[in-house]
Amino acid sequence: MATALFTKARKRLKEAAKHLDIHPDVIERLKYPKETLAATLVVRMDDGSSKAFKAWRCRYDDTRGPTKGGIRYHPRVNLDEIMTLAFWMTFKCAVAGLPFGGAKGGVQVDTKTLSKTELERLSRAYIQAFARFIGPDRDIPAPDMYTNGIVMAWMADEYAAMVDQPSPAVITGKPIPLGGSLGRDDATGRGGHLVLRHLEGELGLSPATSRIVLQGFGNASYHCARLLHADGYRIIGLSDSRSAVYDPDGIDPVAAMEHKRDKHSLAGCPSKGKLREITNEELLESECDVLIPAALENQIILENAPNIKARVILELANGPTSPAADKVLNQAGKTVIPDILANSGGVTVSYFEWVQNKAGYYWPLDEVRAKLKSIIEPETRTIWEAAQERGLDMRTAAYVHGLRRIAAAVEAHGTKAYFDS
Ligand code: NAD
């Protein structure tokens with residue numbers, strides 16, 4: 001099993017530990033995932049044939065509570081990636097102060113090749129395979145790339161059938177009529193928007209003057225772009241898996257999304273000036289103030305990091321910057337707002353959904369948004385100030401902040417020092 005991504009990700013742990021006085025037991029606990037289950041999902045296709053898909057679920061650490069993390073459908077998803085994403089989720093939940101550990105799941109599939117009925121059978125098969133591994137008080141999945149509300153609805157329904165009772169708290173990101181939370185649909189993008197706006201003054205950004213480029217025009221980036229555009233920020237570049245467009249005069253993300261839904265491409269979407277079609281590589285390196293990677297891991301790497309022109313990188317995707325690229329960006333004086341803070345709005349509102357499901361009491365939208373803000377802003381401030389005071393980059397400061405909380409939970413069970421005394 002290749003573990004390149006995981007090995008690199010885990011180095012953050014040692015780096016963060018250098019800045020804290022924590023017990024070695026904590027590092028031992030966080031070295032490897034707590035448990036991982038692999039399965040093969042054999043699905044009946046519409047033409048009558050059977051097809052096998054590789055699938056995984058990894059629960060990284062549950063010291064702080066049940067594990068939480070999305071399920072990704074992608075043709076290149078693999079165990080290394082799932083373990084890494086579960087590791088990042090552990091830190092993200094700790095950074096946001098949520099009573100959860102981290103997990104992640106995935107199926108190796110290109111959803112664009114499946115019919116809707118095949119997608120439903122695949123999603124139900126996932127739950128049949130992993131029902132004993134997940135649970136409302138054990139491990140709570142959610143959407144990730146190429147999974148959405150209806151996939152969560154099928155999964156929650158399959159789980160309910162297997163345990164013979166409705167169990168809405170087993171999964172988050174559900175449609176509203178099935179126990180979803182108001183405000184979950186745009187929570188990741190909104191969280192990123194809150195973080196950026198909260199640090200705007202410190203970062204020398206302003207709606208009137210700053211230009212923004214987003215890679216991966218999906219759920220997370222669309223809502224972030226929409227909110228920033230509504231504030232007056234100029235969105236000048238967008239991309240998805242098939243197309244990338246750039247117009248220095250500005251693109252209205254709402255009109256661009258309507259165009260994408262209609263034409264399945266961003267090419268030719270309405271814009272203020274002269275829209276140019278560029279490559280995804282050019283998009284990342286284009287002239288702008290804020291670059292928002294919101295697609296996949298490892299998009300900013302050693303090779304293209306020196307060419308990144310943005311002063312601020314807001315990581316809405318998980319792991320878009322490789323550690324080597326991170327060093328280059330930091331040395332160049334750029335600010336990277338790390339994924340475990342920048343995209344934590346999604347899991348925060350997922351937590352709210354779980355709380356509402358457990359209580360059977362549902363909150364109005366303004367309450368969800370106010371609660372999101374009341375979590376994101378203070379955590380952002382704490383991480384920013386720790387970075388300034390200790391002379392750390394924001395990623396290291398965020399890992400130190402999360403590790404301190406995880407360490408407190410591990411140490412509360414007693415450490416060697418306690419048992420020796
Ligand atoms: P999504 O499926 O809604 O959108 C993904 C977008 O990325 C699509 O527009 C797709 O076309 C594009 N894309 C795929 N490959 C690409 C490539 N090679 N180059 C450019 N664009 C590409 O997914 P999402 O939910 O918006 O998730 C995006 C990222 O945000 C992922 O890294 C995910 O883990 C992270 N994230 C999402 C949430 C959430 O709540 N949705 C929460 C936290 C983190």
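Start by selecting Arg57 and Gly105: in this predicted model, Gly105 of strand S4 is the bridge partner of Arg57. Now widen the selection to residues 50-61, which form strand S2, and residues 101-108, which form strand S4. These two strands run antiparallel and are joined by 6 bridges. Strands of a sheet pair through backbone hydrogen bonds, either parallel or antiparallel.

Next, bring the whole sheet into view. How many strands does the sheet have, and in what order? There are 5, arranged S1-S2-S4-S3-S5, and this open sheet has mixed pairing. Colour residues 35-44 (strand S1) and 139-143 (strand S5) to find the edge strands, each of which pairs on one side only. Look along the sheet, too: neighbouring strands are turned by 20° against each other on average, direction ignored.

Then select residues 79-95, helix H3, which packs on the sheet. Helix H3 touches S1, S2, S4 and strand S3 (67-74), and its direction makes about 150° with that of S4.

Your last stop is the ligand. Which residues are closest to it? Select Arg72, Thr188, Ala220, Ala295 and Asn318, the closest of the 24 residues that surround the ligand. By class, this shell has 9 nonpolar, 10 polar and 5 charged residues.

- Arg72: an N or O atom of its side chain is 2.9 Å from an oxygen atom of the ligand.
- Phe217: here a backbone N or O atom lies 3.1 Å from a ligand oxygen.
- Asn318: a polar side-chain atom lies 2.8 Å from an oxygen of the ligand.

Finally, show the ligand's surface: taken alone the ligand exposes 830 Å², and the protein buries 87% of that.

Technical notes. Residues numbered from 1 in each chain as written. Predicted model: local features only at pLDDT ≥ 70, side-chain atom pairs only at ≥ 80, totals over all residues. Heavy atoms only, no water. Pairing = 2+ DSSP bridges. Helix = DSSP H or I, 4+ residues; strand = E, 2+ residues; numbered from the N terminus. Axes fitted to C-alpha atoms, helices over the stretch in contact; angles between N-to-C directions. Contact = heavy atoms within 4.5 Å. Near = heavy atom within 4 Å. Polar contact = N/O pair within 3.5 Å; in protein donor to acceptor, adjacent residues only side chain to side chain. Areas by Shrake-Rupley, 256 points an atom, 1.4 Å probe, with all protein chains shown as cover. Nonpolar A, V, L, I, M, F, W, Y, C, P; charged D, E, K, R; others polar.
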